Amino acid sequence: MLLSQNAFIVRPLNLFLMVCISLVFGISHDLPDYTSESCTFKISLRNFRSILSWELKNHSIVATRYTLLYTIMSKPEDWKIVKNCANTTRSFCDLTDEWRSTHEAYVTLLEGFSGNTTLSNCSRNFWLDIDMSFEPPEFEIVGFTNHINVIVKFPSIVEEELQFDLSLVIEEQSEGIVKKHKPTVKGNMSGNFTYIIDKLIPNTNYCVSVYFEHNDEQAVIKSPLKCTLLQPGQESEFS
């Protein structure tokens, strides 16, 4: 999903755009007060699941349960409670089955409770293709005499709406030298994918990191390094 070079100006204008769109299209949501923001939100693509997480800015407030509601800016609908995130004790919510369009703006309302007392109300609106951060996929490495097999683990089924415009990067490090590999993943990113880093030096330590790059040049989130020492005698069918 390609974004324009001017995408960075959307965040400061979120509230302004929301009000203007509501006036133009006659939408009358009971919008929350954005001037009293009390939470930090983050929306991430984690193993191709849309995960919204949050944290209360005032750490002296300890909520024992949360309820998450949302509405879609362009539709004249009431607030909808996310069923799997109603009275939840977790500080995150899986919205994969709820937020299925990257072209809509989703307005969230988070309520924090302790017993029957409401401790906090906070809200924010999200555009997935702008606000989403992309966590690295799970992977394993297997070292042989002169090459490494990198097995990237994708879910067996990935929703088409959550494919985004991502490039898979496999980063190889050894003795201070860093090399980037950008394999071509045929079809959509689903099922395990194996990439072979070859022409390596035996009896040498190599480390590998895997991550996604987005065409919008968002900051990347790299996986922790996994390392292996290539020893003589570690042969395989790929040799």
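Visitor: Before we start, what should I keep in mind about the numbering and the model?
Guide: Residues are numbered from 1 along each chain as its sequence is written, and because this is a predicted model, local features need pLDDT of at least 70, side-chain atom pairs count only at pLDDT 80 or more, and totals for chains, interfaces and linings use all residues. Side-chain values use heavy atoms, with hydrogens and water left out.

Visitor: How many disulfides does the structure hold?
Guide: The structure holds three disulfides, a disulfide being a pair of cysteine sulfur atoms within 2.5 Å. With bonded cysteines counted along the chain, their pattern is 1-4, 2-3, 5-6.

Visitor: Which cysteine is joined to Cys39?
Guide: Cys39 is joined to Cys122, with an S to S distance of 1.8 Å, and the link is left-handed, with -60° about the S-S bond. Cys39 lies in strand β1 (residues 39-46) and Cys122 in strand β7 (residues 117-127), so the pair ties together parts that are 83 residues apart in sequence. Strands here are DSSP runs (E, at least two residues), numbered from the N terminus.

Visitor: And is Cys39 buried or exposed?
Guide: Cys39 is buried, with a relative accessible area of 3%, and Cys122 is buried as well, at 2%. Buried means under 20% relative accessible area, exposed means over 50%, and partly exposed lies in between, using a 1.4 Å probe and protein chains only.

Visitor: What about Cys85 and Cys93?
Guide: Cys85 and Cys93 form a disulfide with their sulfur atoms 1.9 Å apart, and this link is right-handed, with 100° about the S-S bond. Cys85 is buried at 1% relative accessible area, and Cys93 is buried at 0%.

Visitor: Where does Cys93 sit in the sheet?
Guide: Cys93 is in β5, where Leu52 stands opposite Cys93. Strand β2 (residues 49-56) is joined to β5 by three bridges, and the two run antiparallel; strands count as paired if DSSP finds at least two bridges between them.

Visitor: What is the strand order of that open sheet?
Guide: The open sheet of four strands has the order β5-β2-β1-β8, with mixed pairing. At the edges stand β5 (92-94) and β8 (133-134), each with a single partner strand, so one side of each is left without a neighbour in the sheet.

Visitor: Changing topic, which residues touch the most other members in the largest nonpolar core?
Guide: That core has 46 residues, of which Leu52, Trp99, Val150, Val152 and Val208 touch the most other members. Domain 1 (39-131) and domain 2 (136-230) both give residues to this core, so the core lies between them, the domain bounds coming from an automatic or database domain assignment. Another core, of five residues, lies apart from it, and includes Ala105, Val107, Trp127 and Ile130. A nonpolar core is a set of buried Ala, Val, Leu, Ile, Met, Phe, Trp, Tyr and Cys residues joined through side-chain atoms within 4.5 Å.
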